[in-house]
Amino acid sequence: MKKDEVIYVGDELRDIKAAKKNGLFCIAASWGYDSIELLSTGNADFVAKQPKDILDILSGT
């Protein structure tokens with residue numbers, strides 16, 4: 001797959017860092033392991049506060 005065909009969804013800061021290091025679009029899932037405060041330090045492309053947010057992000061709404 002090409003990088004522009006991949007979306008990395010992670011619930012830890014290290015997930016966001018890995019996505020950014022590899023040039024991938026990333027979504028931080030705030031209901032997972034790391035707190036939303038910690039996740040926000042990673043500068044994810046989007047932060048999803050609930051699973052539906054991922055669907056909204058993917059549909060462009």
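Visitor: What makes the link between the side chains of Asp 15 and Tyr 8 a polar contact?

Guide: The two side chains are joined at 3.2 Å, and a polar contact is a pair of N or O atoms within 3.5 Å, where within protein one must be able to donate a hydrogen and the other to accept it, and residues adjacent in sequence count only if both atoms are side-chain atoms. This is a predicted model, in which local features need pLDDT of at least 70 and side-chain atom pairs count only at pLDDT 80 or more, while totals for chains, interfaces and linings use all residues. Residues are numbered from 1 along each chain as its sequence is written, and side-chain values use heavy atoms, with hydrogens and water left out.

Visitor: Why is Asp 15 not assigned a salt bridge?

Guide: A salt bridge requires a side-chain nitrogen of Lys or Arg within 4 Å of a carboxyl oxygen of Asp or Glu. The nearest side chain of opposite charge, Arg 14, is 5.0 Å from Asp 15, so the buried Asp 15 has none. For charge, Lys and Arg count as positive and Asp and Glu as negative; His and the chain ends are not counted. Asp 15 belongs to helix H1 (residues 13–21); helices (H or I, at least four residues) and strands (E, at least two) are DSSP runs, numbered from the N terminus.

Visitor: How many salt bridges does the rule give, and what makes Glu 12 and Arg 14 one of them?

Guide: The count is three. Glu 12 and Arg 14 qualify because their N to O distance is 3.0 Å.

Visitor: Why is Glu 12 called buried, and why is Arg 14 called exposed?

Guide: Buried means under 20% relative accessible area, exposed over 50%, and partly exposed in between (1.4 Å probe, protein chains only). Glu 12 has 18% and is therefore buried, whereas Arg 14, at 60%, is exposed.

Visitor: How do you know that Asp 45 and Lys 20 form a salt bridge?

Guide: Their closest N and O atoms are 3.2 Å apart, so the pair meets the rule. The pair links distant parts of the chain, with Asp 45 in the loop between H2 and S3 and Lys 20 in helix H1, 25 residues apart. Asp 45 is partly exposed because its relative accessibility is 33%, and Lys 20 is likewise partly exposed at 37%.

Visitor: Why are Asp 56 and Lys 52 said to be about one helical turn apart?

Guide: They are four residues apart in helix H3, which means a separation of about one helical turn. An α-helix has 3.6 residues a turn, so residues three or four places apart point the same way. The side chains of Asp 56 and Lys 52 form a salt bridge at 3.0 Å, N to O.

Visitor: How do you know on which side of H3 the buried residues lie?

Guide: The buried residues of helix H3 (residues 51–59) are Asp 53, Ile 54 and Ile 57. They cover an arc of only 105 degrees around the axis, so they lie on the same side of H3; the arc is that of the directions from the helix axis to the C-beta atoms. On the other side of H3, Pro 51, Leu 55 and Ser 59 are exposed.

Visitor: Why is Ser 35 called partly exposed?

Guide: Its relative accessibility is 34%, so Ser 35 falls in the intermediate class. Ser 35 is placed in the loop between S2 and helix H2 (36–40).
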